[in-house]
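Dear colleague,

Please find the structure below, handed over for your study. I would be grateful if you kept it open while reading the notes that come after it.

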Amino acid sequence: MLERLFDLRGHGTTVRTEVVAGLTTFLTMAYIVAVNPTILGAAGLPVAGVAVATCLAAGFGSILMGLLSNYPLALAPGMGLNAYFTYTVVKGMGLPWQTALGCVFISGVAFLLLTVAGVRQLIVSAVPRSLFAAVAGGVGLFIAFIGLADAGIIVAKPGTMVGMGTLTAPTAALALLGMLVIAGLQARGLKGAMLVGILVTAGIAWMFGLAHFAPGAYSLSDFSSTAFKLDVRSALNLRSGLGLSLIEIIFVFLFVDLFDNIGTLVAVTKRAGLIAPDGSIPRLNRILITDSAAMLVGALAGTSPVTSYIESAAGVAVGGRTGLTAVVVGILFLCTLFFAPLVQAIPTAATAPALVLVGAMMMGALAEVEWEDPAAAIPAFLTVIMVPLTYSIANGLAFGITSHAVLKLVKGQAHLRDWLVYVLAALCVARFIYLA
């Protein structure tokens, strides 16, 4: 049945490899079950209800992605978008969280309509092929940076912005040990090196008392506190004093999620070798429909926008190549419904090394950029460097697309057939002006 559903042999993988990949991806992104309720709780949402909604949205989105598109892409409420939801929309603009959820739902409907109309597919196809490799490399740096920061190996410094942390601190020392374990196992060719490294590092942390967690009261019945509490009517009330703000909120959810998704999709499929020879992404329509549906379900359940997770690259790195990986991730999220607080038992020091080494493996994509050609090298470099330094895949892709369009104009190579590239560049500039 699994062979028929996912074509495992055709993708050169096995059930065991896919399960290990799914478990690896889950462990690297399971932090969202603890982090998302904390962030949305600051907006007034019931924390326990958000925990259930997070597991449900991630479980539904990941399983649907695996079954419908057969890609190893996992979904969950997006980091960054949840912070925008809380600190800009609810706290900054003063919207009730129910109305903010209504805005998320409307954005999901708009996403679905754009997908059905073929607009999102056109946007993905308009992204220059050279930027695909640049996005993969930039996301690799981004993931590594996140892992190093989580481990305390890189810390904020007043004079230099970033600097070296205290490597003898428990978390940093344990993360370095984890990197050594994973790298050593990978060098010896062990397929499950990531997962084994995470579990070994977590075991050492517990053995020496370096991991602590204190779960609070939690029950599945808490789901009723956020489920179906969205207020779409208020979100559509453009006659109110918040009319323009509501349009801006929906636009930001739509635009940022679109570019984050494109960046993640390109990076993960590139790393997995799933991009077609002509540079296109097979079954793209199914991927985008799944993303839209997950966003709608997330809003109904009571959480911020759901999006594809770049941590999916961790599962791809250990051999995940089909939708079975995503289905395993989704099942694990649904199982987490019954013991969500226990996810915190895997310390950051155990997952951070996996993120750093996944980032290292993603850098190989940069070899495909024609670095001797300034018209290709400059947009690629800006993409690569801006993703980690602005902490946003969307920003890096926007810099790359805009510089690519400008350089084509300067070289006199602008053609009518490339009209969408210039539309995207104009939208990117408008987005930068809006963010400013």
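Predicted model: local features only at pLDDT ≥ 70, side-chain atom pairs only at ≥ 80, totals over all residues.

Residues are numbered from 1 along each chain as its sequence is written, and side-chain values use heavy atoms, with hydrogens and water left out.

Helices (H or I, at least four residues) and strands (E, at least two) are DSSP runs, numbered from the N terminus. Two packed helices are described by the angle between their axes and the distance between the axes. Axes are lines fitted to C-alpha atoms, for helices over the stretch in contact, and angles run from 0 to 180 degrees between N-to-C directions.

Helix 2 and helix 15 (residues 323-336) pack with their axes 8 Å apart, at an angle of about 50°. The two helices are therefore oblique to each other (angles under 35 degrees count as roughly parallel, over 145 as roughly antiparallel, 65 to 115 as roughly perpendicular and the rest as oblique). Contact means heavy atoms within 4.5 Å. On the side of helix 2, the residues in this contact include Val-15, Leu-23, Thr-25 and Phe-26, and on the side of helix 15 they include Leu-324, Thr-325, Val-329 and Phe-333. The residues of the contact divide into 11 nonpolar, 4 polar and 1 charged (Ala, Val, Leu, Ile, Met, Phe, Trp, Tyr, Cys and Pro count as nonpolar, Asp, Glu, Lys and Arg as charged, and the others, Gly among them, as polar).

Is Thr-25 buried or exposed? Thr-25 counts as buried because its relative accessibility is 1% (buried means under 20% relative accessible area, exposed over 50%, partly exposed in between, with a 1.4 Å probe and protein chains only). Thr-25 belongs to helix 2, which covers residues 15-29. Leaving aside neighbours within four places in sequence, the contacts of Thr-25 include Ala-74, Glu-311, Thr-325 and Val-329.

**Helix 8 and helix 9**

Helix 8 (residues 129-151) and helix 9 (residues 170-187) have their axes 8 Å apart and pack at an angle of about 135°. That angle makes helix 8 oblique to helix 9. Leu-148, Asp-150 and Ala-151 of helix 8 meet Thr-171, Ala-172, Ala-175 and Met-179 of helix 9. The residues of this contact comprise 5 nonpolar, 1 polar and 1 charged.

Phe-142 also has its place in helix 8, and at 8% relative accessibility Phe-142 counts as buried. Neighbours within four places in sequence aside, Phe-142 is in contact with Val-387, Pro-388, Tyr-391, Ser-392 and Ile-393.

**Residues in loops and a strand**

Asn-70 lies in the loop between helix 4 (47-69) and strand 1 (75-77). With 11% relative accessibility, Asn-70 counts as buried. Once neighbours within four places in sequence are set aside, the contacts of Asn-70 include Leu-5, His-11, Arg-283 and Arg-321.

Arg-283 is itself in a loop, between helix 12 (243-272) and helix 13 (284-301). Arg-283 counts as partly exposed, at 32% relative accessibility. The phi of Arg-283 is near 55°, a positive value in a residue other than glycine. For Met-161, phi is near 70°, which is likewise a positive value in a residue other than glycine. Met-161 has its place in strand 3 (residues 161-164) and is exposed, with a relative accessible area of 68%.

Leu-210 is found in the loop between helix 10 (193-207) and helix 11 (232-235), and is partly exposed at 39%. Leu-210 and Pro-347 are 137 residues apart in sequence, yet 8.6 Å apart in space from C-alpha to C-alpha.

**Cysteines**

A disulfide is a covalent bond between the sulfur atoms of two cysteines. How many disulfides does a search of the whole structure find? The search finds 0 (a disulfide is a pair of cysteine sulfur atoms within 2.5 Å). The closest cysteine sulfur to that of Cys-55 is in Cys-335, 10 Å away, which is too far for a bond. Cys-55 counts as buried, at 0% relative accessibility, and Cys-428 counts as buried at 0%.

Yours sincerely
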